[in-house]
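Hello,

Here is the structure for your files, with notes on its ring pairs and one of its sheets below.

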Amino acid sequence: MRQAKFWMLAISVLLLAVILGLFSLTPDEPAEVIQPIASTQEALPVSAYGIQLSNHQLFHGHIRKNEFLADILLPFNVDYHTIDLLAKKSKQVFDVRKLRRGNRYMIAASGDSVLSIHYFIYHINPTDFVIYDLSDTVSISMGKREVDVVRKETYASIEHSLYESIQESNADISLAIRLSEVYAWSIDFYHLQKGDWFKVVYEELYVENERIGTGEILAVNFNHEGYNYFGIRFEQDSTYDYFDEHGQSLRKAFLKAPLKFSRISSRYSRRRFHPVQKRWKAHLGTDYAAPTGTPIMSTGDGVVVEATRKKYNGRYVKIKHNGVYFTQYLHMSRIASNIR
């Protein structure tokens with residue numbers, strides 16, 4: 001009985017070892033070597049990297065799901081010690097743990113039957129890349145591709161959404177984000193109407209004749225609900241803002257404080273000793289001390305989205321200023337009757 005249990009246990013351990021890959025049922029079968037996947041994008045000209053790559057074999061690929069640096073370099077006979085050294089020296093330049101799925105890379109190697117890597121080049125984004133030089137001692141450096149700025153002009157009418165309208169105009173979709181930033185204080189982009197339209201002069205960014213995004217908006221007229229909202233970019237002393245046709249800034253400023261006569265009793269802090277709970281915790285707001293009945297003003301134009309009472313907030317009002325900013329006013333003695 002004991003012998004039968006022993007063999008059953010031995011067989012179970014062996015099966016578990018096979019599942020985990022500790023043993024192979026076919027020891028003579030060669031291990032699979034993962035080769036770089038050919039990139040679906042056109043390879044960059046060798047001159048773009050600023051290094052000598054003649055007499056090298058070039059392998060172009062892109063980062064696959066759950067792929068690490070070792071997965072890429074081991075098939076090219078780079079040992080674990082070198083990979084570890086490369087990762088440690090790279091921390092000050094680029095953390096190799098941040099390789100992103102889909103990003104391109106290139107390997108420059110030499111040799112016939114046995115390949116030896118000289119360079120591993122990884123593209124962080126469309127403009128920035130990092131060069132790992134393994135030809136002698138391991139060294140890492142950053143590189144940047146030259147960006148060409150082209151002035152463009154486009155017109156689009158809103159039929160369904162801003163996103164679709166920009167797509168139909170053949171502009172980069174990032175133009176929608178740029179427009180929302182210009183008009184963050186003037187237009188609610190969640191409530192655009194059919195028939196709204198815009199005409200915009202802007203910059204498009206290209207690298208090696210490949211469009212990589214949108215630069216600055218230079219001038220725009222956005223017609224919303226029949227009203228023209230002009231935005232003209234003006235730069236002075238290395239700062240810029242957008243102004244309407246009357247020279248008024250499109251950015252509406254917040255008040256510095258919601259109370260005219262008060263004192264700050266507790267400031268915004270990531271770590272404050274709570275006077276009631278008797279423990280350290282974040283205080284993500286500013287407390288003002290003022291007599292009961294002191295009027296409280298919104299720090300900027302907006303729409304009231306909540307005006308009620310809750311357990312921890314007491315009586316409070318929440319105001320939406322634009323697509324980015326909200327403010328809340330808590331622990332009030334009462335809420336004015338016309339606030340809804």
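Buried means under 20% relative accessible area, exposed over 50%, and partly exposed in between (1.4 Å probe, protein chains only). This is a predicted model, in which local features need pLDDT of at least 70 and side-chain atom pairs pLDDT 80 or more, while totals for chains, interfaces and linings use all residues. Residues are numbered from 1 along each chain as its sequence is written, and side-chain values use heavy atoms, without hydrogens and water.

Ring pairs: rings of Phe, Tyr and Trp (its six-membered ring) pair if their centres lie within 6.5 Å; planes under 30 degrees apart are stacked, over 60 edge-to-face, and the rest tilted. The count is 10 aromatic pairs. One of them is Tyr105 with Phe120, which is tilted because the centres are 5.6 Å apart and the planes stand at 45°. Both Tyr105 and Phe120 are buried. Together with Tyr132, they form a cluster linked by ring pairs.

Tyr155 and Trp197 also make a tilted pair, with centres 5.8 Å apart and planes at 40°. Tyr155 is partly exposed at 47% relative accessible area, and Trp197 is partly exposed at 24%.

The sheet: strands are DSSP runs (E, at least two residues), numbered from the N terminus, and two strands pair if DSSP finds at least two bridges between them. An open sheet of 3 strands runs in the order β15-β16-β17, with antiparallel pairing. Its edge strands, β15 and β17 (326-332), each pair on one side only. Strand β16 (residues 314-320) pairs with β17 over 5 bridges, and Ile319 stands opposite Thr327 in β17.

Regards

Methods:
Helix = DSSP H or I, 4+ residues; strand = E, 2+ residues; numbered from the N terminus.
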